[in-house]
Each structure stands twice: as C-alpha cells, then as structure tokens.
Amino acid sequence: MNSNNDCKNRREAIAALVLDELAPQAADELREHIDACKTCRSLYQALMDEEETINSAFEAIADKSKNVQDDLIGEFEKGPHKPLGRSTLTLSTILNSRITKLAAAAVVVIVAVVALHNGSVQITTPAFGVQDVLDAMNEAQWVHCVGEITYLNVDANTAKEMDLSGVESWESVRPVRRIEKHKNGKIYFTESNIGKTSYYDPATNKITIKYRSPADPQEAYASIADMYIQQIAELEKKGAKINYEDGVYDGVSVKIMKIDFVLTPPLEVNISMVLDPATYLPKRLTAEQTDLKRLHVLVSAQFDYPKTGPRDIYEAGAPADAKVIIVDNRPSPEFLEAIAPYNAARENLPLRHILVFTQAREKSVWRTCVIYKDGRRERLEDRWDADERQESVPTAEDFEAILAWALSVGAKTLKIQIYDGQYIHYARRDLEGMWSVAEKEHSPEKMSHSIIRGLDWLGWPWIYNGKLFENDYSQENNLVCVETHVAARIKDGKLIAAAYRELYYLDPQHEYVCVREERFQRSQPPYNDRPDVKDLDFDPDDIPSEPSYVATVAELAQTDSGRWYPKKIRKDRHLWRASGNGCMSHVSTEFTAIYLQTNPWFPEGIFDPNNLLPEGAQIREPGAKTTFEKDFEAAIAIIDGKDQWSTPEEVALAYWQARARKDCNEMAVLWPGSASWNRQLVENETPVEYVFGKARKAGGKYVIVPYTDKSYYEKHGDYNLKTWLTNEKSTKGRYYIISGN
Amino acid sequence: MAEAGQQRSGEALNGADAGATLTPEVLVRKYSSAVLGLCIAHTKNFHDSEDIMQEVFLRAMTKLRTLRDETRVRPWLLKIARRTCIDYYRKRPTARPLAGDMPAAPDRLSEQAARVHQAVSRLPEQYREPIALYYLDGRNCAAVAHTLGISEQAVRQRLVRARLMLHELLSEDKS
C-alpha cells in the first residue's frame, strides 16, 4: 500500500525515467511500482504522451532553423561583412580617486591641504577678523597650490603605492573645478557640479572621462568659504584643536594658524598655516604627520590666487593625442523618477526601533544581532557562532520573548558597539571569553562599513545608480526592477575582483521593500590571470547568466504603525570550495529572520558608553597573547629555526599532504596559528589529491598559489582555488600559509 | 616573465587557428542547435529566436579573433547568445500592450511547436536553458552540462524539475 506522499516523492523519479536519465536498477524498481500504482502510472503515461509532442515540437523548430542557417551562410559567402553596429558600450567603471589610493593616514593631510588653502574662519577667534577672511575667500576666484609631500621611514612598496610626491592644484567654485597635476604625470580634472571627472595616465597615454550622478552631494560647495567651513568642521569633528599665533614669514608679520589633532593613535597631525594679514588669505602651509611606528609625512604647500585656471584637461597638460575613454554611469531621468519613491521610503525608515535579526543555515542559528536605534544613537550587540548549533529561534511571536532570547544566546564571539551621537565605542569578546576594548572613534561613517546598520541594509539597500529593467520575474510580480553594473577591481594590472551585474526588485505595494536581489558574478579564478583586462571596464561578456547570489524576501510583515518590512529573507550563494570530496560547487543557503518593534521603550543607559561592557567582563591585559598568537609565534620559531625552507608552492603542497595524512603538528607549522583548530578540521575529512600552479605575487608581501583537485584540473585545465602565503613575520623571509579555500 | 610572454603568444596563435579553421559554415552548422536552444530559452516566439540567432553568428564572426581557445567555442558562442538575448529585449520599448498573458503568434511554426515554446518561456529562468538545449541538441545530459558549465547532476535535477513544470503548463494550456 503506497501513501500519496510516497507517490509525490516519486514524481521526479518518474520524470527522470521518461527522460531516460534514471539508473537501470532504479528504473526497474520504479517500473514495477508504476505497474502497481494507478497515480504514478497516470503521470508516467501523461509524460510519455507529452514527450512525443515536445520532441516533434523541437524537431519542427530545428527544421525551421535550417533555413536561417542557410541564409546566414549565404550572407557570409557574399564576402566580408561589416561588424554589427554596436551601441556605445556603457562602462560603469568607477575610477579610484587619487585620495583613495593614498594611505588612510595621508588622506587627512591631503584633505587639510585642500581645505586650508583658504584661510582662517575659526568662529571663536573674532580678533582675527573672521568675516574679513570669509570675504577675501569669496573674492578669490581660483586657488592655485603647489605642494610637496615627503614620506620618511616608508618602505619602497609603500612609497610606490603613495606615488604622490608632489602636486600642483587649482580649485574654483564658480565654475566648479578641481585640477590636480601630479609629479608622476597623472592629471585629474574634476567638475563635480556636472559629475564629470577626467583622468590622464601618462603610462597608457589615455584620458578616462567618467560621468557620475550630479545628484551626488560630494564636493557640492556654495563658495570657497563654504568649502573651507565644511572642511574645517570635518577636522574639528576629528578633534582638531585650532590656535592662532603671531609670527614672521618672508620678513613680514603674519598670523599663523595652528591645527593639531590625533588621528587614530598613534597618528598625530600638526598643521601650520601662514595667513597674510594684508589679504587675509593663506600663503603657505606646512603639515607634519607622525606615526610613531613607521610613517612620517611632511607636506608643504604655497598658495596664490589667479584670475583663472585650466579650462580642460588639455590645458592642464594632457597631450592632444591621448586616447579618450568615456565611462558614463549617469542614471537616466526615467531611473531617477522611478527610484524617487523608493528613496523616499528609505529615508523614512523608523528612526526609533529595536531590531532583532537572526541568521541561520537550515535550523541552526549561527548569528543573532540586536540593534537599538534612537535617531542617531545606536547600540548593537552581535553574537556570532552559537555555542549550541541547535539553537533555534523561539516560535513565539512575542517581541519581548524574542529579544530576551537573542540577548541570552550563547555565542563564541560577541561584539558590542555604541554610537552615542558623537563617538563610536567598541568592545569584542574573543573565542577565549576575554574582552578587548577599542579606542573610541569619531567617525560615524565607519559604522556603515564595519557592521550591519539594520533596516536599510536588510530591506532598503542603497541603490544610487542603475537602469530600469524588466524580466519575467518583475513582470509577473509587478515589481520595479533596477539593474546595476559594478566594475571589476584591478590592482597592479591584475583583476582582483570580478565585475558583477545586480538586479534589485522593489515592491511598490509594500513600501518599496527590496524583495529580491540577484547578483551575477563569476565567483572564482582564473579571472585574476586574465591578461586582456587592462582597464576598469564592465565587460558584459564576463557576466554569468545565472545568479551567483540570490536574496529573496520570503515573508513581509507590518509594524504596529502599519509599515511594511521584510520579515524573512532567504539567501542562496553559489560557492566553490575545497572539501573532503574535492572542489565542490554548491549552494549555501542562509535564512535571516527579522523582528522589529517601533517606538519601543529603551532600558536606561542603553546608549551610555559606560555600559559598553557587560557586568563581570574579563578584559585582556594589554600585551597578553591569545592562543592564536601563541601558536603563531611557536610556528614561526620552528620555521625560522630550520636549516632550509621550501618555496611557496612546496609549502602549499606540503600543507595539503600533511592534511591528507592528518598530521596536525606539521599543518600547525605550515599554517601558523592553526594549531587549535587543525584537529577539528581533519577529523571527518576524506583526503583529496590536489595539483598546484605557479605562485604569483599578490601585492605587498603576499603570494598566491593556485590549486585544485586533480579531477577538476583534468577536466578544465585550470585552478579554481587559492592558497595565500606571506613571509611577513619570518625573520628569514620564509613563506607560510595565512589563508586558503 | 618569459613564460607569461610565451603563454600570450600561444593564446594569440590559438586565436589565429580559431579564425582559420572555424569557417562560417562550420560555425553555423555545428553550433546552431545549441545557440537556437539558448535563444528559445530566452524568447517567447520563434521569430525573435531566429533574429537573435542570426545576430549571434554575425557577432561571433566579427569577434572570432578574440576566441583564444577553439575548444571553448561552444560556451563562447552561448555567452554571446545570452548577451544578445538580453540586449535584444533591453533595446525594445519597455511599454508593452499587456502582452504578458497573450499567447505568442504561431510565427510560421506549427501550433504545437509554438505551444511548447510558449510553455518553455514560462518556466523559471534557471530551467529554460537546460531543457531547450536538451531537446534541441541531442538529448544528452553530459553535453548540456558541458555547454552550461555545470555538473551533470545539476543538469539532471533541473531537467527533471523543468519537465514536471512543463507538464503542468502544457496540461493547463490544454484545459
């Protein structure tokens, strides 16, 4: 006697039988069942009948296509044909700005150079004539600056990275222009009011002109004075102390403005600006930045105020014969119109709420996160890797019960972060239960980079650009679909991250929640070996047809005030990974559940940084080593103590061979710091035979050894996995493993 | 460094070989079934599939020199085909006269074939390519897997699910 459930389970097997794709023994067994079961027999018969129809339909299609083939061949035989007219390729490349290429420490100095060439405006120093300075700045049409930057105590690689040894710049607000001409020949010409940046690279003799959305508020200053005020405000936010002194410059009495601040310790910045008491404008700036460990930066700049400046990149010095590449990433008016209600919904997210979210694979919760948010103030508690893998979310819908559960979940690591409206305070409990507390930071922007901020991440991601798109899914579900292209990232001529295409599906019926997100991106090498990728292009041919990542909102819910939000999200990620059975392509599925309470009551002191650490927290003594650090040092001592050491390829090979024979001691040396988790790693693992490619430089002191399992290599002829090595901590420059997949 | 140079020269030679041996006739005769299968998967009527298929081969001939490895011609062609399908519909006006529910015109094909094509076009995206390639290109799972760059097991699973969905759609259509 078969139950209906049994028959339902056999539907796929029956289809496989019809398609002749069932193993012989299973096919025989199923046929026996079909003979005895009316339901299954009926399905089998229907499928077989259809099979004839489908086959003849496709045969008809194939026959018809023969006419097309003949036409095509005839067309080719007529002679060489012109290439098809192709629409101008829209390149969504994002150029790396000059600033972003600098070390973070140097950025502040450069910002200071940009900002401070305009004079003094410290509102608390009326004696100096603030208004006079502002008036003088507004009179100035252009600011011309010649700056020198000197790096001391910097190794050759870092110095190369910071190739900005000197810069000549012009800046004006009307028209909005910023031009930078670097000693290495690179020229940047920015017209931010129209979202246009031109960049000349003498190495390739190319000018890349990039258009971005003019709606981007970056660098939108009303006047030079306004620009100055905003930049100074940024410095003051970082804790800059501004003082004025009388002094002498070129034999003339001047006012000297001093700005001192400590960036992330131990970076200290001291800026000294000479202000001309006759014109109230800055004449000269010196800045000194000291990182007590390794970096010392000196900046000096001279300013003058011409009536005009370069009108285009050619006037700034780019040669007329340079090849021009246009990168146009401006949103269309249709896009802006369509996205406006989405942005409005996004802007109006509830500013006061408690949000609990959980992330789980199957039923096992591996992360719980609680966010308290009241306007700008925020507290986040983030628990990773539950101790008990069977932790499951309470089924009760009572928010208080879920909140209490989320806060009590045992987890291997816990991060707590508070933004009190002014500073970020951060503490972390590590795998050994010890707490570390970071220095408070001033920049709230950092929160969005390091942690999940809540609703805007989970339901209303930031979509700043793109094009409207339609496909079956958007049409069938009445969704607004936005397509965006993100350019590849290239470093030192190598592709380090593949370009991707992303589709966002926004639901206008439910507060424009982004109910589905699809990312199309190649997930694995050998893309980083492609010699043909030279420019930062979005190459449509490089994008897979199937998404590598899909996040779908499986359930929507409403807050007490009736606002819609995503309640359950399913995320499917296509991964390549080394496993006991070789290199596996598989889909990793995660579920995020969101519980939201708007206008909640907050426990007293929840945003108070004094309450950052839980009661009884044990803080790791400064300088005390973690288990990882101890393992690491022991391994490095062994590596450096040997008479001879191997090449990176040999180290990678030796590691995987040791892993195959479950030799944890050897593994712990070749991959320093891995001693504590090696045993868990190899316990149930089936050994795999890998093949290895040649090591290649990966920037800095890192090398990559590509590898793959033998069968994959025999089939595809390339490597889809990487082992990362470095020699950074070895006194003898010996390579060891730091990462691998 | 020397090796990198040699590798590039090798690639260039492969490109030249591809251009020399892959004549238009060979390219069209050998791969049109697979290309058509893919076009069928992404269109709602045969007329569009035909147009796109022509464009794919025209594009392919102009880009043939960029093909570095002749053994990869099949996936290379299909990549062009996918892109051409996307471009084809993107360039069309987005406003459509409520066409979503309208059956496609038979387009010189038998009514039966049009009905099957219409049903295939209603399958979820990930199932369309495997099933169209399977029926148009020799009913061979391994070949479909090679063409799509996924495992045979994955192809088999998608085929089976797609076939059951097709059954539902065709039954629905019949009723």
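Q: At roughly what angle do the axes of α2(B) and α6(B) cross?
A: This is a predicted model: local features need pLDDT of at least 70, side-chain atom pairs count only at pLDDT 80 or more, and totals for chains, interfaces and linings use all residues. Residues are numbered from 1 along each chain as its sequence is written, while chains are lettered from A and ligands numbered from 1 in the order in which they are written. The axes of these helices (DSSP runs of H or I, at least four residues; axes are lines fitted to C-alpha atoms over the stretch in contact, with angles from 0 to 180 degrees between N-to-C directions) come within 8 Å. α2(B) and α6(B) cross at roughly 140°.

Q: Which residues of α6(B) contact α2(B)?
A: Residues are in contact if their C-beta atoms, placed from the backbone, lie within 7 Å. From α2(B) come B:S33, B:A34, B:L36, B:G37, B:L38, B:I40, B:A41 and B:H42. The partners in α6(B) are B:R128, B:E129, B:A132, B:L133 and B:L136.

Q: Which residues of α7(B) does α6(B) meet?
A: Helix α6 (residues 125-136) and helix α7 (residues 141-148) of chain B pack at about 130°, with axes 9 Å apart. On the α6(B) side are B:E129, B:P130, B:L133 and B:Y134. They meet B:V144, B:T147 and B:L148.

Q: Which element gives the largest share of the side of chain B that touches chain A?
A: The contact takes 45 residues from chain B and 38 residues from chain A. Elements giving two or more residues to the chain B side include α2, α3 and α6 of chain B. The largest share, ten residues, comes from α3(B).

Technical notes:
Two residues are in contact if their C-beta atoms, placed from the backbone, lie within 7 Å.
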